[in-house]
Amino acid sequence: MNAPLPRIDLPPDTAAPAWQARLSLAFAQRDARTILSRREHLGPLRLQKALYPEGEAICHGIVLHPPAGIAGGDQLSIEVDVGTGAHALLTTPGAGKWYRSNGADGRLTQHLSVAAGGVLEWLPQENIVFNRAQAHMETTIRLAAGATLIAMDMTALGRHGSGERFDAGALAQTLRVDLDGRALWREQIRLHGSDPLLNSACGLAGRPVFGSLIAVGDGLDDALLAACRALPVSHGEGAITRPPDLLVARYVGERCEAGRAWFNQLWQLLRPALTGRDAQTPRIWNT
């Protein structure tokens, strides 16, 4: 199914210059196959196609935003539902960009849900928040008992490759993860360009890149935690903890490439432990 969603009217001050976009996806198990059972869209958000590089049990998808970035006033929404026994892996074709704003907020809202026995690998590439951007990202993940999740997120403040620093603008990020109706993890970041936390030793200490990887599922034990902690981190710092029912890895450093390389190594350990399948790197990551 590939159908347009009903139009949403935006406030008058943002309607004319801004994108409004929604993408709604559902994955279901049919016999031994995971199918894309719902694909609805509004505006410039698409799923490229259902891909099966590992066979029919796992559906891969690439979420596309053709404008390639989010500007002030843009409002994007992504909804993903993974049904019982289904297994979906979703990523993006490249870094998400948050452009300089004249004062209006850009917003990305993501709602992900996984039913019992379902697996979601949510593996977008990094977000680059330009200087003077106004970026708001909100992610809510709801897991049924017996669901499996591996999710990662990486953010760079400023285009450090070209020497740009994030000295003006604002970033707000919220992550909520619920398991079987109870709060499992809450994470919130509020930063602005003049925030002392950007350079404070108790904040980012001048390092512009940070990220989180979260895993939930059967198989998270002390041996797996030790194996993950044994993986080296280059060009930055990483830490891993295992609160009840989940594993959380955090990275802070100078380079997205180093943080993603470490997260990818962790994913290669976590995936077989939680899903029984070896990691197969999405081809788009190598382009």
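## Close-up views of a predicted model

Of the protein's 287 residues, 51% count as buried. The model is a predicted one, and the views below start with the whole chain before moving in on a few places worth a look.

**View 1. The overall fold brings together three helices and 19 strands.** Along the principal axes, the C-alpha atoms fill a box of roughly 50 × 45 × 40 Å. How does the radius of gyration of the protein fit that of a compact globule? A compact globule of 287 residues would come out near 19 Å, and the protein has 19 Å, so the two agree.

**View 2. The largest pocket holds about 730 Å³ of space.** Its lining is made up of 43 residues, and those closest to the pocket centre are L108, Q110, P124, Q125 and N127. What kinds of residue form the lining of this largest pocket? The lining divides into 24 nonpolar, 15 polar and four charged residues. As a reminder of the idea behind such views, rolling a probe the size of a water molecule over the atoms shows where empty space is left.

**View 3. Helix α3 takes in residues 256-275.** From the first C-alpha to the last, this helix of 20 residues reaches 27 Å, close to the 28 Å expected at 1.5 Å a residue. Which residues of α3 are buried? They are C256, A258, G259, R260, W262, F263, N264, L266, W267, L270, R271 and L274. When you look along a helix, keep in mind that an α-helix has 3.6 residues a turn, so residues three or four places apart point the same way. Just after α3 comes G276, with a positive phi of about 75 degrees.

**View 4. D31 sits in the loop between β2 (20-30) and β3 (33-42).** Although D31 is not a glycine, its phi is positive, at about 55 degrees. For context, most residues other than glycine have a negative phi. Is D31 buried or exposed? With a relative accessible area of 77%, D31 is above the 50% cut-off and therefore exposed.

**View 5. D245 lies in the loop between β18 (236-241) and β19 (247-253).** Here is another residue other than glycine with a positive phi, D245 being near 75 degrees. The relative accessibility of D245 is 41%, so this residue counts as partly exposed.

Terms used. Residues are numbered from 1 along each chain as its sequence is written. This is a predicted model: local features need pLDDT of at least 70, side-chain atom pairs count only at pLDDT 80 or more; totals for chains, interfaces and linings use all residues. Side-chain values use heavy atoms; hydrogens and water are left out. On a 1 Å grid over the protein atoms alone, a cavity is a set of points where a 1.4 Å probe fits but cannot get out, and a pocket is an open set with protein on both sides within 12 Å along at least five of seven lines; lining residues have an atom within 4 Å of a point. Grid points are joined across faces, edges and corners, and a volume is the space filled by probe spheres set on the points. Ala, Val, Leu, Ile, Met, Phe, Trp, Tyr, Cys and Pro count as nonpolar, Asp, Glu, Lys and Arg as charged, and the others, Gly among them, as polar. Helices (H or I, at least four residues) and strands (E, at least two) are DSSP runs, numbered from the N terminus. The expected span of a helix is 1.5 Å times one less than its number of residues. Buried means under 20% relative accessible area, exposed over 50%, partly exposed in between (1.4 Å probe, protein chains only). The radius of gyration is taken over C-alpha atoms; the globule rule is 2.2 Å times the number of residues to the power 0.38.
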